[in-house]
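Visitor: Please take a close look at the backbone of this structure, with its strands and loops. I would like the residue-level details in one connected account.

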Amino acid sequence: MSFFRRTLVSFAAAALVAGSAIAQQVPPPPSPVPRPAAPEVPVPPPPDVDGKAWVLMDYATGQILASKNADERVEPASITKIMTDYVISAELANGRIHMTDPVTISEHAWRAGGAGTDGSTSFLKLGSQVPLKDLLYGMIIQSGNDSAIALAEHTAGSEEAFAGLMNAYAKQLGMVNTHYSNASGYPVADHYTTAHDVAILSRALIHNFPDDYAISAIKQFEWNGIKQGNRNALLWRDPSVDGIKTGHTAAAGYCLAASAKRGDSRMIAIVMGASTEKARADSAMALLNYGFSFYETHRLYEAGKPLATPRLWKGQADTLPLGVTDPVLVTVKRGQYDKLKATMDIPATLIAPFKKGQQVGTLRITLDGQPVQSVPLVALADAPQGGFFSRLWDSILLWFHGSGKKADADAK
């Protein structure tokens, strides 16, 4: 055998050994699910709810725990004002409007809250100037149509332009079955939503604007010498309830978006089209109690902590730490925690460079074989290319070992 061939064989053998040794350094993925001692408990079906459509959502995960006609289009009535509140809160946060702004009450706003109208009012005076903060309180607590329109006109110039903002934010939030035509919820054509979309919006309001959301827990507000109570009857029934909004018209029926927090858990209940004011409150309360009684939320993974350190080729480092950008939370029926399974889909060959935060794979959570959640696995640090000789060496290793296969790493 020639010197050249002997050298090549020796080099190939070294490459194979080196590649195998490096591959063995990759630790097995961690288990996200400790087995709890709690046994599985029977979970009854959800309560019989008086409503055309309804949804029970877990706030932490956004999971729908129970529903009926969740994506059926319905008239929102004053539930509309949750989006009006969301837009105002977003514009306040962006600094385009301010709580201290004086807002002039137009004839359009004044007439919407005038005597003889079929709706709620804050009793604003025509031509008067009212601080924006008082209008926000009047809309959320008193459900004033005049307050809603005055806020819309001040923010966007007209109620019609403001409705365009509402629809833009709805699209941004993923409310695919919602369209707004006004800020108050007055029944008009092409103004609709769904129980599911209202739940999505409610969750976003609580998460993105907690200070403004807190206004919905205030039980009464006085303006123009007239004190009015919050129409959400659950605020008086249960101290854990802290929002969100009621609505009613003859066509829409009685509607209620309610949320409550008990311990570390928060639930959101949406009831649309109930038969009476009492029925909407009873139904929402029943859904909240059901959620707290039979479901629990668990934190599976922390943000920023490595869940896998697969081999990295042609990089300055030999491995790439992968993890999640936000804590991974899952809500399941009580007693089913130990049935969760997590797997990580990661490409078999990872070649530098990678940027911190770049998606590399996917973390999948299942329960009894059914998908529960999919979360991007991202690089937890920058992974620049290595030097010329390290890249050359890895190219030789890859040539001997092959590449392009997909690894499905079981994280159980």
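**Backbone details in strands and loops**

Guide: Ile244 has its place in strand β7, residues 241-249. Helices (H or I, at least four residues) and strands (E, at least two) are DSSP runs here, numbered from the N terminus. The model is a predicted one, in which local features need pLDDT of at least 70 and side-chain atom pairs count only at pLDDT 80 or more, while totals for chains, interfaces and linings use all residues. Residues are numbered from 1 along each chain as its sequence is written, and side-chain values use heavy atoms, with hydrogens and water left out.

Ile244 is joined to Gly243 by a cis peptide bond, with omega about 20°. Another cis peptide bond runs from Ala352 to Pro353, where omega is near 15°. Pro353 sits in the loop between β15 (350-351) and β16 (359-367).

Next comes strand β9, residues 265-274. Because 9 of its 10 residues are buried, β9 is largely enclosed by the rest of the structure. Buried means under 20% relative accessible area, exposed means over 50%, and partly exposed lies in between (1.4 Å probe, protein chains only). Strand β1 (residues 53-58) runs antiparallel to β9 and is joined to it by 6 bridges; two strands pair if DSSP finds at least two bridges between them. Met57 stands opposite Ile268 of β9. Strand β8 (residues 253-262) also pairs with β9 in the antiparallel sense, over 8 bridges, and Ala257 has Ile270 in β9 as its bridge partner. The hairpin of β8 and β9 has 2 residues between the strands, and Gly263 in this hairpin takes a positive phi near 65°.

Positive phi values also occur in residues other than glycine. Asp190 has phi near 65° and lies in the loop between α6 and α7. With a relative accessible area of 46%, Asp190 is partly exposed. Lys314, with phi near 60°, is in the loop between β11 (312-313) and β12 (322-323).

The loop between α6 (159-173) and α7 (195-208) also holds Gly174. Gly174 counts as partly exposed because its relative accessibility is 33%. Leaving aside neighbours within four places in sequence, Gly174 is in contact (heavy atoms within 4.5 Å) with Asp197 and Ile200. From Gly174 to Leu201 the separation is 27 residues in sequence and 9.0 Å in space, C-alpha to C-alpha.
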